[in-house]
Amino acid sequence: MRETEKLAINFRAKVIEMSHTAKTAHLASSLSCIDIIAVLYGQILNINSNNLLSADRDRFILSKGHAAAALYVALVHKKILNESDLDTYGQVGSLLEEHPSPKLPGVEAATGSLGHGLPFGCGIALAGRIRGLDYRTFILMSDGECNEGSVWEAAMFAAGKRLGSLCALVDFNKWQATGRSREVLALDPLIDKFSSFGWKVHEIDGHDHEQITNAVSGVTVDNEKPTMVIAHTVKGKGVSFMEDDNNWHYRVPTSEEVLAAKVELGGV
Ligand SMILES: [Mg+2]
C-alpha cells in the first residue's frame, strides 16, 4: 500500500469522527475528494509549517469549501494544525469553521460560495509569473460548481494567459447537493469542453493514487497550458453504506455508524 493510501484511510476515519462530534453535514463530499487531498498533501505540495508565509510556497485552494474537514485533517498531517484543533471543528469561536477561512493558518482563500476558487487561483498563478516565482497553484472544485459562469470565464483566462503553473481538479462525484449533477445542468462532455478551452485535460479514477499522482506531477511554470484533472469519484467513498447514497450529503453519522465505518476502513 502506498503511503498516501494509508494517509487517506487515516483522513477518512478522522472526518467521519469530526462530522459525528460537530454534527456537521457534507461528510460524503469530504470522502469523495480525500484521496486527491491525500496525494496532494502527502506527496505533491511544497507546503509545510515553516513556509506558510514564503512567497514561493505552492498554493492549494479548496474551492468546494463544504469539504473543509478534509482540508483540516491534511493540515494536521503537515503539522500546520495540531491534532487537538480538530476537536474544535464547527464549534462557536473556532477557526475550523464548516467552510474554510484564511484566518486559519494554511488556508489560502475563503471558499464555500462556489465558483470562486478557479478565478482566484488564476490571479495567484498570474501573480507568480509577474513576480518571477515558480510555485504551482492547485484548485479542487466540485462537479456541481462547474455550473457557475465564473468557472468558464476563468477557464478562458487561464488558457488565454498560458498559466502552465495552474492545475484544477474536478471531484466528479456525480452529485450536487440534492440532485444528480448531470441532470441539474448539462456537464457533459466535460473533458471536451475544457480541451476546447485550451487546457491539457486528464481523465482519471479519483480514488487511484497512482493516477492522481501521474496527473498532477507534471505541473510546472514551464507548461504551455493549464492542467485540468477530471477525477471520477464516488460520493461517500470508503464506507459502503454511504457510497453514492446522497442522504449523506447532509446526514450526520450516529455513534454506531462511526464504529461500523471505522471497522470497514480498517486501521493503519
Ligand atoms: Mg459533486
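# A walk around a parallel sheet

Strands here are DSSP runs of E with at least two residues, helices are runs of H or I with at least four, and both are numbered from the N terminus.

Before going on, two notes about the model. It is a predicted one, where local features need pLDDT of at least 70 and side-chain atom pairs count only at pLDDT 80 or more, while totals for chains, interfaces and linings use all residues. Residues are numbered from 1 along each chain as its sequence is written.

Two strands count as paired if DSSP finds at least two bridges between them.

Strand 3 also has six bridges to strand 7, and these two run parallel as well. In that pair, C167 is partnered with T227 in strand 7.

In what order do the five strands come? The order is 1-2-3-7-6, in an open sheet with parallel pairing. Strand 1 and strand 6 are the edges, each pairing on one side only. From one strand to the next, the twist averages 15°; angles run from 0 to 180 degrees between N-to-C directions, with axes being lines fitted to C-alpha atoms, for helices over the stretch in contact.

On to the helices around the sheet. Helix 4, residues 117-130, lies across strands 1, 2 and 3, and runs at about 175° to strand 2. Helix 5, residues 149-160, makes a right-handed β-α-β unit with strand 2 and strand 3. Right-handed here means that, with the strands pointing away from the viewer, the path from the first strand over the helix to the second runs clockwise.

Helix 8, residues 209-216, has H209, I212, A215 and V216 buried. Seen down the helix axis, the buried residues fall within an arc of 130°, so they line one face of helix 8; the arc is taken over the directions from the axis to the C-beta atoms. Contact, by the way, means C-beta atoms, placed from the backbone, within 7 Å.

A few spots in the loops are worth a look on your screen. N46 is in the loop between helix 2 and strand 1. N46 is partly exposed, with 13 other C-beta atoms within 10 Å. Leaving aside neighbours within four places in sequence, N46 is in contact with R57 and D58. The C-alpha atoms of N46 and Y135 are 8.3 Å apart, although 89 residues separate the two along the chain.

Where is the cis peptide bond? It joins D188 and P189, with omega about -5°, and P189 is in the loop between helix 6 and helix 7.

Two residues other than glycine have a positive phi: K174, near 75°, and A177, near 50°. K174 is in the loop between strand 3 and strand 4, and A177 in the loop between strand 4 and strand 5. K174 counts as partly exposed, with 18 C-beta neighbours inside 10 Å, and A177 counts as partly exposed with 14.

Finally, the whole chain. The protein has nine helices and seven strands, and buried residues make up 49% of its 268 residues. Of the contacts with a separation of 6 or more, 77% are between residues 24 or more positions apart.

Key: A residue is buried if 20 or more other C-beta atoms lie within 10 Å of its own, exposed if 12 or fewer, and partly exposed in between; C-beta atoms are placed from the backbone. Two residues are in contact if their C-beta atoms, placed from the backbone, lie within 7 Å.
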